[in-house]
Amino acid sequence: MSTKSLDEPARRFEELLGPGSVVTDPVRLRTYECDGLTHHRVTPGVVVLPESAEQVAAVVRICNEYGLPFVARGAGTGLSGGALPRADGVLVVTSKMRRILSVDLPNRRATVEPGVTNLAITEAVRDLGYYYAPDPSSQQVCTIGGNVAENSGGAHCLKYGFTVNHVVGLEIVTPDGDIVELSDTDPGYDLLGAFVGSEGTLGITTKVVVRLSRLPEAVTTLLAAFEDIERGGQAVSAIIGGGIVPAAIEMMDALAVEAAEAAVACAYPEGAGAVLIVELDGPAEEVAHQFGEVTRICRESGAFEIRVADDPVERASIWRGRKSAFAAVGRISPAYIVQDGVVPRTALPEVLASIDALSREYGIRVANVFHAGDGNLHPLVLFDDAEPGAGERAEIVSGRILDLCIEHGGSITGEHGVGVDKSRYMPKMFSDDDLNTMQLVRCAFDPRGLSNPGKIFPTPRLCGEVPGVRKGVHPLVESGQAEHF
């Protein structure tokens, strides 16, 4: 649909929402042309900012009437192009829906709108002795609706799991404009679990019921400095192998530390080839015992300095460098790609060595930051976009890192999602039958293919979309197991 043909739907949106909640000006539209992955950019056809589920549903119904694709967007902090808009469609921005609707402490839950920031949930209940466990590094600005879409994790997902483990209910607007509630108590198929992490392809979140956790009795954080990343990795393996499950185990290499120092002056130990942050929480006696074991293991693995924090201010000081790592590399590189992949913990040394080899082969620096406890890598691929060919080499290195993850039995994403950026890698992990089966789930929710099209799947499949490589009748349709819409 051409931009001109969006004029009539835009007028309908203005009648529904008011002119202040509809953006059509070309300059203002560019504000929304990308998410946190800035090398994918598309200027949306029109942007709407609804304030209620009813308004979201009405917008979606208008989109259906005109056959307009629509994309939901929260704070725009995503790193896979999951909220990349459509030039011929509508971007539904939920930033005005930011109320905490209720807090139910007896049942340990809170009900919030999708525009509420991740950290705001914890801030609302901390003085009552509770918090919200998932904690992406962007938790000060990322919103809970986007967390649901991407099934976000964070530093503490090793012990506490991802968003899906802390969402007990959702209100969603389906791709045809109905308002539906999903709950973890619903009988039958786990539709709630299917929706969390579906990256906006199954509808738009308008309300989230989250599980609250009690603040632990004791929390101790330590930072261990090693001469190289191999010794740090040895400590991680020994900690997990010893049956200890910390709340978090994070590692940064020397280049990532350099960036953090330049950005926030975190004052990590000088000369460290790697720093390991280990946080322990739980009953005081258990934390004390685990602290002794972790300290011993780090020393035996070659840590030349260990710092300990057991109050919130000291803990925040240790975490400052790690939490700022993604943005911090902007201090040492004009441009960078934030990658995300997973490998088995036992494969970490080999994969990190291979990443180093790729870095030297292509002349592209890579800063490594990762959730060491569960093998979730976040390599930061650094390049100068003013240098001819540097961007292309960085893309090659980024892709080769994902290949390494797959080759070692891992995944192309741990918590950033597939979006548009990684969809081309999906066939390396999944067969055609796997991808077609996934697409059938999507078709059940969105037979017209209007909800965040072009994400996750490498080529359009079924639901009336333009055929990809496959010709003829899909085997599941031919066998009567599925319907071709």
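Mentor: Buried means under 20% relative accessible area, exposed means over 50%, and partly exposed is in between, using a 1.4 Å probe and protein chains only.

Trainee: Okay. Does Glu300 count as buried or exposed?
Mentor: Glu300 counts as exposed, because its relative accessibility is 57%. Before we go on, this is a predicted model: local features need pLDDT of at least 70, side-chain atom pairs count only at pLDDT 80 or more, and totals for chains, interfaces and linings use all residues. Residues are numbered from 1 along each chain as its sequence is written, and side-chain values use heavy atoms, with hydrogens and water left out.

Trainee: Got it. Which residue forms a salt bridge with Glu300?
Mentor: Arg296 does, with the closest N and O atoms 3.1 Å apart. A salt bridge here is a side-chain nitrogen of Lys or Arg within 4 Å of a carboxyl oxygen of Asp or Glu.

Trainee: Where do Glu300 and Arg296 lie?
Mentor: Both are in helix α10, residues 284–300. They sit four residues apart, about one turn of the helix. Helices (H or I, at least four residues) and strands (E, at least two) are DSSP runs, numbered from the N terminus.

Trainee: Why does Arg296 count as partly exposed?
Mentor: Because its relative accessibility is 36%.

Trainee: How many salt bridges does a search of the whole structure find?
Mentor: It finds 21. One of them joins the side chains of Asp228 and Arg231, at 2.3 Å from N to O. Asp228 counts as partly exposed at 22% relative accessibility. Arg231 is partly exposed too, at 32%.

Trainee: Give me another pair.
Mentor: Arg393 has a relative accessible area of 24%, so it is partly exposed. Glu387 is partly exposed at 36%. There is also a network: Arg30, Glu33 and Arg41 are joined by salt bridges that share partners.

Trainee: New topic. Which residues touch the most other members of the largest nonpolar core?
Mentor: Leu276, Cys298 and Leu377, out of 45 residues in that core. A nonpolar core is a set of buried Ala, Val, Leu, Ile, Met, Phe, Trp, Tyr and Cys residues joined through side-chain atoms within 4.5 Å. Apart from it lies another core, of 29 residues, including Ala260 and Leu380.

Trainee: What does Leu377 touch?
Mentor: Among its contacts are Val343, Leu348, Ile355, Phe370 and Cys405, leaving out residues up to four places away in sequence. Contact means heavy atoms within 4.5 Å.

Trainee: You mentioned Ala260. Which residues of helix α9 are buried?
Mentor: Leu255, Ala256, Val257, Ala259 and Ala260 are buried in α9, residues 254–264. Their cover includes strands β13 (248–253) and β14 (274–282), along with helix α11 (312–323).

Trainee: What caps the N-terminal end of α9?
Mentor: Asp253 does. One of its side-chain oxygens lies 3.2 Å from the backbone nitrogen of Leu255.

Trainee: And just after α9?
Mentor: Ala265 comes there, with a positive phi of about 50°.

Trainee: Why point that out?
Mentor: Because most residues other than glycine have a negative phi. Asn151 also has a positive phi, near 50°. Asn151 is in the loop between α5 (144–150) and α6 (157–160). For Ile456, phi is near 70°.

Trainee: Where is Ile456 found?
Mentor: In the loop between α16 (432–445) and α17 (475–478). Ile456 counts as buried because its relative accessibility is 10%.

Trainee: Is His416 buried or exposed?
Mentor: His416 is buried, at 11% relative accessibility. Its place is in the loop between α14 (390–407) and α15 (426–429).

Trainee: What does His416 touch?
Mentor: Leu79, Ser80, Glu150, Phe326, Val338, Gln339, Asp340 and His378, not counting residues up to four places away in sequence.

Trainee: How far apart are the C-alpha atoms of His416 and Asp178?
Mentor: They are separated by 28 Å. Along the chain, the two residues are 238 residues apart.

How values were computed
Polar contact = N/O pair within 3.5 Å; in protein donor to acceptor, adjacent residues only side chain to side chain.
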